[in-house]
Amino acid sequence: MFILIRAQWSFTSFILVLFGIAGVILGLWTLKKWMRQYYRLQEIDYRDKLERWEKTQRLMQRYRQRKSYVNPKVRAAQLKELLHDKVLQPTGKSSAQQGVSEKQFFEVLVSYFRNQVSFGGEFPLEGSQFKYSHDIVFIDSTTGLHIDIEIDEPYEGKSKQPHHCIDDDKDKRRNDYFLKNNWVIIRFAEEQIVRHPHQCCKCIAEVIADITANKAYLKAFEDIDDLLPINCWTSSDARRMASWKERERYLEEMGVFKQYSQSNRNKKPKRSRNKKKKG
């Protein structure tokens with residue numbers, strides 16, 4: 001009797017174990033099927049959202065293009081009306097001595113902007129014996145846009161005194177003067193125009209395009225890299241650069257200083273011969 005009951009219990013347990021295993025397998029299969037369906041629905045939902053997002057981005061891009069587009073002819077007419085007789089004009093040509101790098105940079109400017117660029121003029125200051133002068137100017141006769149292109153050296157060539165320093169208000173006062181008289185000012189470090197003249201010209205073309213909406217000049221700079229920035233300098237920085245002769249180094253590396261030195265050497269023999277005749 002005991003043996004029969006034990007055998008019956010063992011058979012029932014075996015059947016229950018089989019049902020349990022079958023239930024686990026069925027549960028895992030059902031879970032796998034559910035998860036596959038769930039992830040498929042998630043993927044479909046993600047694709048729908050991505051498609052809607054991309055469509056929205058395309059619409060936004062078209063909207064921005066329509067909103068940002070300005071007809072160059074309309075902008076030119078607006079600027080000409082706004083700037084007519086409101087841009088201060090020089091009283092004569094500048095008598096300031098040109099820097100050693102200005103002539104070389106001017107030739108590059110002319111290659112891009114033709115007769116729109118010229119050397120600057122002179123502006124007397126009311127109640128003062130001092131005068132302001134421009135290095136190089138860009139003038140667009142179509143719009144009346146006047147751009148003052150300044151080349152800032154860290155120190156003067158002969159005296160080695162600090163120049164164009166951010167802890168000196170001279171340039172700020174000068175900038176305020178011309179800004180109030182409707183000039184646009186672009187300042188480059190001398191090292192920039194010596195090492196990267198074409199990138200500097202691209203920067204000027206970008207400013208012209210931003211103001212006038214005329215992007216014609218930018219076509220010439222499609223293969224030109226953007227201009228890398230240079231940190232402004234303080235008076236102590238300028239004195240340090242002068243002691244290390246940093247300006248002479250980059251001028252010589254780019255062939256500007258040698259040309260300048262050679263022109264000076266060509267003038268010296270004439271003075272020496274005059275001295276001998278006097279003796």
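Helix α2 (residues 72-83) packs against helix α6 (residues 197-212) at an angle of about 85 degrees, and their axes are 9 Å apart. That makes α2 roughly perpendicular to α6 (the label covers 65 to 115 degrees). Who does the touching? On α2 the contact (heavy atoms within 4.5 Å) is made by Pro-72, Arg-75 and Leu-79, and on α6 by Asp-210, Ile-211 and Thr-212. Sorted by type, the residues of this contact come out as three nonpolar, one polar and two charged.

## About the model

This is a predicted model, where local features need pLDDT of at least 70 and side-chain atom pairs count only at pLDDT 80 or more, while totals for chains, interfaces and linings use all residues. Residues are numbered from 1 along each chain, and side-chain values use heavy atoms, with hydrogens and water left out.

## The second largest pocket

How much space lies in the second largest pocket? About 260 Å³. Its lining has 18 residues, and Asp-152, His-164, Arg-187, Cys-232 and Trp-233 lie nearest the centre. (Lining residues have an atom within 4 Å of a point on a 1 Å grid; a pocket is an open set of points with protein on both sides within 12 Å along at least five of seven lines, using a 1.4 Å probe.)

Both α4 (170-180) and β7 (184-189) supply at least two lining residues each. The lining splits into 10 nonpolar, four polar and four charged residues.

## Helix α8 and what follows

In α8 (residues 246-253), the buried residues (under 20% relative accessible area) include Glu-246, Arg-247, Glu-248, Tyr-250 and Leu-251. After α8 comes Gly-255, with a positive phi near 85 degrees.

Notes
Buried < 20%, exposed > 50% of the residue type's maximum accessible area, 1.4 Å probe, protein only. Helix = DSSP H or I, 4+ residues; strand = E, 2+ residues; numbered from the N terminus. Axes fitted to C-alpha atoms, helices over the stretch in contact; angles between N-to-C directions. Parallel < 35°, antiparallel > 145°, perpendicular 65-115°, else oblique. Nonpolar A, V, L, I, M, F, W, Y, C, P; charged D, E, K, R; others polar. Points joined across faces, edges and corners; volume = space filled by probe spheres on them.
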